[in-house]
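Subject: The structure to look at

Hello,

Here is the structure I promised to pass on to you. Please open it beside this email and follow along as you read.

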Amino acid sequence: MRMKNELKKSALINRAETFDARAAQEIERFLDAAWMERRLSANTIDAYRNDLVSLARWLAGSKVTLMRASRANLLAYIDSRVAIGASPHSIARQLSTYRHFYRRLD
């Protein structure tokens, strides 16, 4: 389990060329804390990682970093997800992920 998570972390850092490297580090810091504090399952951690990476990549297309995203940026991203038919369950999970991530940054 630990080795699998380490491979995913290194893969995330390697993929960070599509978005800000600091964001990749903050994502991993957040996921480590979530795993330690809340004992989330590996599947939940993976879902959180995917949610944050997708958001970071989408923001990068607008020249906005994950760390500087505004509420309007987040709402625009969620609107884009709804427009392509994302399920309400996925949208709710994403909102929860973002809420936890940004609260941790404060």
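Glu-26 is buried, with a relative accessible area of 12% (buried means under 20% relative accessible area, exposed over 50%, and partly exposed in between, using a 1.4 Å probe and protein chains only). Its partner in a salt bridge is Arg-29, and the closest N and O atoms of the two are 2.6 Å apart. A salt bridge here is a side-chain nitrogen of Lys or Arg within 4 Å of a carboxyl oxygen of Asp or Glu. Arg-29 is partly exposed, at a relative accessible area of 47%. Because Arg-29 and Glu-26 sit three residues apart in helix H2 (residues 21-38), about one helical turn separates them. Helices (H or I, at least four residues) and strands (E, at least two) are DSSP runs, numbered from the N terminus.

Before you go further, please keep in mind that this is a predicted model, where local features need pLDDT of at least 70, side-chain atom pairs count only at pLDDT 80 or more, and totals for chains, interfaces and linings use all residues. Residues are numbered from 1 along each chain as its sequence is written, and side-chain values use heavy atoms, with hydrogens and water left out.

How confident is the predictor? The pLDDT gives its confidence in each residue, from 0 to 100. The protein chain has a mean pLDDT of 84, and 83% of its residues reach 70 or more. Confidence is highest in helix H4 (residues 71-83), at a mean of 95, and lowest in helix H1 (residues 2-15), at 50. Over residues 12-16 the pLDDT is below 50, and beyond near neighbours in sequence this stretch has twelve contacts in the model (a contact means heavy atoms within 4.5 Å). Where pLDDT is low, the predicted coordinates should not be read in detail.

Back to the salt bridges: how many does the structure hold? There are five. One of them joins Arg-104 to Glu-37, with the closest N and O atoms 3.4 Å apart. Arg-104 belongs to helix H5 (residues 88-105) and Glu-37 to helix H2, so this pair ties together parts that are 67 residues apart in sequence. Arg-104 counts as partly exposed at 41% relative accessibility, while Glu-37 is exposed at 56%.

Another salt bridge links Asp-46 and Arg-49, whose closest N and O atoms are 3.1 Å apart. Both residues lie in helix H3, three residues apart, which is about one turn of the helix. Asp-46 and Arg-49 are both buried. Through salt bridges that share partners, Glu-28, Asp-46 and Arg-49 are joined into one network.

With 19 residues, H3 reaches 27 Å from its first C-alpha to its last, close to the 27 Å expected at 1.5 Å a residue (the expected span is 1.5 Å times one less than the number of residues). Its buried residues include Ile-45, Ala-47, Leu-52 and Leu-59.

Is Asp-51 buried or exposed? Asp-51, which lies in H3 (residues 42-60), is buried, with a relative accessible area of 3%. Its side chain makes a polar contact with the side chain of Thr-97, at 3.3 Å. A polar contact is a pair of N or O atoms within 3.5 Å; within protein, one must be able to donate a hydrogen and the other to accept it, and residues adjacent in sequence count only if both atoms are side-chain atoms. Leaving out residues up to four places away in sequence, Asp-51 touches Arg-93, Gln-94, Thr-97 and Tyr-98.

Val-53 is also in H3 and counts as buried at 4% relative accessibility. Val-53 and Ile-27 are 26 residues apart in sequence, and their C-alpha atoms are 8.0 Å apart in space.

Now for the rings. The structure holds five aromatic pairs: rings of Phe, Tyr and Trp (its six-membered ring) pair if their centres lie within 6.5 Å, and planes under 30 degrees apart count as stacked, over 60 as edge-to-face and the rest as tilted. Phe-30 and Tyr-48 have ring centres 6.1 Å apart and planes at 15 degrees, so the pair is stacked. Both are buried, and together with Phe-101 and Tyr-102 they form one aromatic cluster.

Happy exploring!

Conventions. pLDDT is the predictor's confidence in each residue, from 0 to 100.
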